[in-house]
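Biologist: Could we go through this structure together? I would like to begin with the packing of the helices.

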Amino acid sequence: MKDSLDTFSFYKKFPNEKACEDFIIQSRWPHGVYCPHCGNYKLYRLEKQKRFKCATCRKQFSVRTGSVLAKSKVPLQKWLMATWILTTHRKAFSSVRLAKTLGVTQKTAWFLAHRIREPFKETGSV
Ligand SMILES: [Zn+2]
């Protein structure tokens, strides 16, 4: 099975939502997290809610805010796994197969597959 996924390595790198969140933070804000509302770098991290609170405008946001994940409830781990699968497999990976692999509905798998083509594209201006 030449196209089997090395899931062991994936789970080692992304064992939980926290690890996934940190990874997304690193890739989205390589120079440090800033507020998408006012651009300020002074933030509080609300660990429990998995959100940030801006010290200046006091608005809250998460790693999903302003990204393609904004309206999605899909766990970050499933999102990253879908991204990994679809970027690893150059050939088409059907949404039926993706749904089975991730343990999500086919509708969700279809949504993920389509959204992954434009990863973390910022929507609108701040
Ligand atoms: Zn702010």
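**Helix packing**

Modeller: Helix α2 (residues 17–28) packs against helix α3 (residues 76–88) at an angle of about 60°, and their axes are 8 Å apart. Helices (H or I, at least four residues) and strands (E, at least two) are DSSP runs, numbered from the N terminus. Axes are lines fitted to C-alpha atoms, for helices over the stretch in contact, and angles run from 0 to 180 degrees between N-to-C directions. This is a predicted model, in which local features need pLDDT of at least 70 and side-chain atom pairs count only at pLDDT 80 or more, while totals for chains, interfaces and linings use all residues. Residues are numbered from 1 along each chain as its sequence is written.

Biologist: How are α2 and α3 oriented to each other?

Modeller: The two helices α2 and α3 are therefore oblique. Angles under 35 degrees count as roughly parallel, over 145 as roughly antiparallel, 65 to 115 as roughly perpendicular and the rest as oblique. The crossing of α2 past α3 is left-handed, that is, the near helix is turned anticlockwise from the far one by less than a right angle, clockwise being right-handed.

Biologist: Which residues of α2 and α3 meet?

Modeller: From α2 there are Glu17, Cys20, Glu21, Phe23 and Ile24, which meet Leu76, Gln77 and Leu80 in α3. Contact requires C-beta atoms, placed from the backbone, within 7 Å. By class, the residues of the contact of α2 with α3 are five nonpolar, one polar and two charged. Here Ala, Val, Leu, Ile, Met, Phe, Trp, Tyr, Cys and Pro count as nonpolar, Asp, Glu, Lys and Arg as charged, and the others, Gly among them, as polar.

Biologist: And at what angle do α4 and α5 cross?

Modeller: Helix α4 (residues 95–102) and helix α5 (residues 106–115) cross at roughly 110°, with axes that come within 8 Å. They are therefore roughly perpendicular to each other. On the α4 side the contact is made by Ser95, Val96, Leu98, Ala99 and Leu102, and on the α5 side by Gln106, Ala109, Trp110 and Ala113. The contact of α4 with α5 has seven nonpolar, two polar and no charged residues.

Biologist: Changing topic, what is the strand order in the sheet?

Modeller: The sheet is open, with three strands in the order β1-β2-β3 and antiparallel pairing. β1 (43–46) and β3 (60–61) stand at the edges, each with a single partner strand, so one side of each is left without a neighbour in the sheet. Two strands pair if DSSP finds at least two bridges between them.

Biologist: How many bridges are there between β1 and β2?

Modeller: Four bridges pair β1 with β2 in the antiparallel sense, and Tyr44 stands opposite Lys53 in β2. Strand β2 (residues 51–54) is joined to β3 by two bridges, also running antiparallel. There, Phe52 has Phe61 of β3 as its bridge partner.

Biologist: Which residue takes a positive phi in the hairpin of β1 and β2?

Modeller: Lys50 does, near 55°, in a hairpin with four residues between the strands. Most residues other than glycine have a negative phi. Lys50 is partly exposed, with 14 other C-beta atoms within 10 Å. A residue is buried if 20 or more other C-beta atoms lie within 10 Å of its own, exposed if 12 or fewer, and partly exposed in between.

Biologist: What about the loop between β2 and β3?

Modeller: Arg58 lies there, with a positive phi of about 65° although it is not a glycine. Arg58 is exposed, with 11 other C-beta atoms within 10 Å.

How values were computed:
Contact = placed C-beta atoms within 7 Å.
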